[in-house]
Amino acid sequence: MEVKIAQSWKERLNPQFQKPYFENLVHFVRSEYKKFTVYPPGREIFSAFDRCCFDNVKVVIIGQDPYHGPGQANGLCFSVHDGIRKPPSLLNIFKELKDDVGSEIPGSGNLERWADQGVLLLNATLTVRANTAGSHQNKGWEQFTDSVIELISREKEGIVFILWGSYAQKKGQVIDTSKHFVIQSAHPSPFAADRGFFGSRPFSRTNEYLKNIGKTEIDW
C-alpha cells in the first residue's frame, strides 16, 4: 500500500512509525483494505501531510473520522473530492465562511487549496470502513494524531488551532496556549451548528491573528 507523505513530516514522525502500536496499526489497516472497502484510497491516507509540509503549517483544523461514503474522503478532514456532493458539515462550514468573510460558497468541496496554503486538515482517525462510521477508532490512529498535535505545539510557534466540537477540543488539550492561538466552538454538523458554530467567525479571527504576527493570511 503506497502512501504519500512530505519528507519534512516523514523525518519528524519516524519515531512514531517505529513504535509497536504503529506496527500493529499498519497490520490492522492493511488487512482491512484487503477484506473490505476502506476510505480514503490507500495512497491518500496521509494526504494532509503531503499537501501541507511541516514547515508550511500555519493553521490546524481537527476532524474526527474520514467520510465513509463512496468517493468522499480524500485524506483531508471535512474535504471531499471534486464532483462529490458536499456533506452537511462542509456546507455549514462554507455558510459560516460566507457570513464571516464574504466568500461565495465554492462549487467544489475539495479543500486542497487550503492545505496548499498551510492549513493542516487533520482527522483524528485516518481511515474508515465503508458505511461504518468509527470502525477504525481505538486502533492506534488517535495515538498517532495526538503525537502530531503535540509535535506541532512543541516545535512551532504562532499556530492557529481550530477545534470544532468537544471531540476536537479534548484532543487539543496538549496544545501550549501560551504560544499558539486556539479557536473553539460547536461542531459544524447540522446537530450542533446552531449552538455556537454559526457566528463564531473562525476564518476572519484566524487571519487577524496571522496578520498580527506577520504571517501571510489564508485566502479562504
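So, Ile62 has Leu122 as its bridge partner in strand E3. That's from a predicted model, where local features need pLDDT of at least 70, side-chain atom pairs count only at pLDDT 80 or more, and totals for chains, interfaces and linings use all residues. Residues are numbered from 1 along each chain as its sequence is written, and side-chain values use heavy atoms, with hydrogens and water left out.

Strand E2, residues 59-63, pairs with E3 in the parallel sense over 5 bridges. Pairing takes at least two DSSP bridges; helices (H or I, at least four residues) and strands (E, at least two) are DSSP runs, numbered from the N terminus.

Now, how enclosed is E3, residues 119-123? 5 of its 5 residues are buried, so the rest of the structure largely encloses it. Buried here means under 20% relative accessible area, with a 1.4 Å probe and protein chains only. Val119, Leu121 and Asn123 point one way, Leu120 and Leu122 the other. In a regular strand, side chains alternate between the two faces of the sheet.

Okay, the pocket. The lining of the largest pocket has 27 residues, and Gln64, Asp65, Phe78, Asn123 and His187 lie nearest its centre. A pocket is an open set of points on a 1 Å grid over the protein atoms alone, where a 1.4 Å probe fits, with protein on both sides within 12 Å along at least five of seven lines; lining residues have an atom within 4 Å of a point. Helix H7 gives the largest share of that lining, 4 residues, and E2 supplies at least two.

Note on methods: Buried means under 20% relative accessible area, exposed over 50%, partly exposed in between (1.4 Å probe, protein chains only).
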